[in-house]
Amino acid sequence: MNKRMSTILTHIAIADGKIKRSSLEVLSHCKQLADQDGHSVEAVVVDTNASSFVEGIQKYGASKVYIVEDPIFKNHMNTPLLKALVKVTESANPSVFAFASTESTKDILGALAANQNAAVLPDVSSFELMDGGVKAKRPVMAAKIISNTEAKGDTVLVSVRSGSYDLAENETTAEVANVDFSMDDSELKATLKEIISASGDTIDLNEAESIVAAGRGVKDEEGQKLISELAEVLNAGIGASRALTEAGIYDPSLQIGQTGKVVSPQLYIAVGISGAIQHVAGMANSKVIVAINKDPDAPIFEIADYGIVGDLYKVLPPFIEEIKKIKN
Amino acid sequence: MKFYVCIKMVPDVNAPLQIKDGKLIQDADRQILNAYDASAVEEALVLKEKHGGEVEVVSIGTSKASETIRKALAMGADKATHIVTEGNGDYDSGSYARILARFFENKEYDVLSLGKQSQDTDAGLTGSMVAEMLNLPYATNAVGLEAEEGKLIVKRQGDTGQEMIELPTPCAVTCSNDMNEPRIPNLKGIMASKRKPMEQVELSSLGLNEDDLTASTTVLGYEEKPEREAGKKFEGEADEIAREVAQLLDTEANVI
């Protein structure tokens with residue numbers, strides 16, 4: 001596709017009335033790719049209040065923003081989102097359509113690819129353009145190794161793990177394209193009954209700069225209190241290993257690992273987590289990893305930048321106190 | 001309710017692996033039932049036990065995949081279809097989805113269930129691809145299922161919370177391994193599995209040839225992950241090392 005001028009389209013996800021940072025990371029990368037080869041970079045935002053995000057999007061270099069605005073987008077549902085994205089794909093005719101990888105994206109990516117007969121590379125850690133398609137690196141086998149994969153086709157869909165690219169502002173003035181959208185109840189194949197255990201005021205792990213993650217070593221309320229205190233002084237999100245979400249101690253949406261969320265914050269503090277491969281698959285790309293564990297042979301120490309061998313109940317209180325001092 | 005559960009034989013990600021000249025080599029050729037698919041089988045069995053019905057498993061793979069299918073039958077599935085392929089190295093999610101969509105085109109069922117992803121590639125595409133090809137209502141990443149007359153109630157793990165979704169049947173759903181602990185087949189189940197029907201279907205009898213299944217994605221090769229070096233390990237008096245690391249996070253790592 002380097003041979004002709006084409007469009008790279010980026011999906012901008014909204015959460016709690018804000019643009020997701022991971023979407024802007026993808027947009028920043030797409031802008032850079034587009035500039036290299038003389039392509040244009042455009043964006044699409046699907047939300048109840050989509051037009052209010054144009055300003056935030058054009059700051060990152062999108063030359064055109066497709067707006068799909070409808071009350072139906074208040075909560076994630078796959079049928080309306082898919083319909084909106086099909087419509088935008090057909091009018092933008094992008095050579096690449098890039099997404100931040102989230103549960104909402106994962107819900108529709110395959111369906112959109114099937115609908116548009118497009119090639120698709122999910123959950124990549126990096127991607128580049130090549131003649132006639134896209135080349136990407138994908139962590140596979142529980143993220144133990146990287147697969148170099150290429151996709152060929154007129155349109156290639158790509159979803160990118162959060163934290164894969166840095167933000168790069170590139171102010172421009174975007175053309176705004178309002179997309180007509182309406183949906184009958186009869187088209188709505190599924191019904192969303194309710195949202196339970198929405199994490200409310202907790203910090204979105206995909207967006208968090210710092211994460212404090214609790215594992216099996218956090219045995220009781222005293223331990224959970226220490227986790228919360230540490231998270232509070234660092235303004236960090238709280239995550240958990242599968243052991244603790246399964247035990248019902250932490251909300252399932254906080255699970256980090258191959259099955260749960262894949263995160264890559266600036267700072268990841270693993271507390272009482274041994275470091276099973278399924279957990280490591282979800283956090284190994286964090287910039288700085290701190291591990292606190294009383295077992296000196298715990299595998300988490302093999303990937304930790306700073307390993308503290310010790311009982312978390314003895315380590316955390318002075319650790320929290322010292323960070324408080326630094327912060328003041 | 002009639003359940004079809006799509007299952008796949010996958011390499012065991014816990015087995016040691018190495019990369020030679022860009023190729024992936026696993027010392028022990030351990031092939032297992034994909035963990036997410038095992039959860040899908042388990043949940044279908046639970047709903048069948050509660051409401052009655054039938055659970056049929058479907059798998060695409062080489063002749064070796066029959067071992068995996070036998071395991072699902074030993075867990076309690078009633079019957080199986082094995083869509084036999086010569087090799088399966090070059091198929092991508094789109095290829096598998098096209099085979100499944102063709103297979104299910106004229107079938108009658110209430111729920112088409114799949115694991116949410118394969119544990120080797122973690123792509124997670126096939127479920128929603130098949131649903132779209134068959135124009136079925138669907139939900140992905142289910143952590144709980146309930147059946148009602150003409151409906152499947154799915155508890156789905158979304159980005160910030162759990163969503164309760166009501167799907168009219170027939171529908172498709174992809175399952176997380178967080179919804180249950182798949183049962184381990186007992187001796188009685190294993191014995192019974194040998195008498196259960198397993199039908200073999202050739203791609204040609206589905207009217208498909210290799211050209212229809214050409215993948216749009218190709219794995220060029222594998223490489224080691226950029227090695228993450230173990231950093232400094234601090235042992236000793238808890239109070240002392242805790243404060244030391246906190247200081248280093250500020251002055252050295254510059255992250256607080």
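The C-alpha centres of domain 1 and domain 2 of chain A lie 31 Å apart. Domain 1 of chain A covers residues 7-187 and domain 2 covers 210-327, with bounds that come from an automatic or database domain assignment. This is a predicted model, in which local features need pLDDT of at least 70 and side-chain atom pairs count only at pLDDT 80 or more, while totals for chains, interfaces and linings use all residues. Residues are numbered from 1 along each chain as its sequence is written, and chains are lettered from A and ligands numbered from 1 in the order in which they are written.

Six residues of domain 1 of chain A are in contact with 10 residues of domain 2 of chain A; contact means that the C-beta atoms of two residues, placed from the backbone, lie within 7 Å. The side of domain 1 that touches domain 2 has two nonpolar, two polar and two charged residues. Here Ala, Val, Leu, Ile, Met, Phe, Trp, Tyr, Cys and Pro count as nonpolar, Asp, Glu, Lys and Arg as charged, and the others, Gly among them, as polar.

Chain B contains six helices and 15 strands. These are DSSP runs numbered from the N terminus, helices being H or I of at least four residues and strands E of at least two. The C-alpha trace of chain B spans about 65 × 45 × 40 Å along its principal axes. Of its 256 residues, 50% count as buried, that is, with 20 or more other C-beta atoms, placed from the backbone, within 10 Å of their own.

Next comes the interface. In chain B, 71 residues are in contact with 75 residues of chain A. Several elements of chain B each supply at least two residues of this side, including β9 (138-148), β14 (217-224) and α6 (238-251). The most comes from α6(B), with 10 residues. By class, the side of chain B that touches chain A has 31 nonpolar, 23 polar and 17 charged residues.

One helix pair spans the two chains. Helix α4 (residues 103-116) of chain A packs against helix α4 (residues 126-133) of chain B at an angle of about 45 degrees, their axes 7 Å apart. Axes are lines fitted to C-alpha atoms, for helices over the stretch in contact, and angles run from 0 to 180 degrees between N-to-C directions. α4(A) and α4(B) are therefore oblique to each other, since angles under 35 degrees count as roughly parallel, over 145 as roughly antiparallel, 65 to 115 as roughly perpendicular and the rest as oblique. Residues making the contact include A:D107 and A:I108 of α4(A) and B:M129 and B:E132 of α4(B).

Technical notes. A residue is buried if 20 or more other C-beta atoms lie within 10 Å of its own, exposed if 12 or fewer, and partly exposed in between; C-beta atoms are placed from the backbone.
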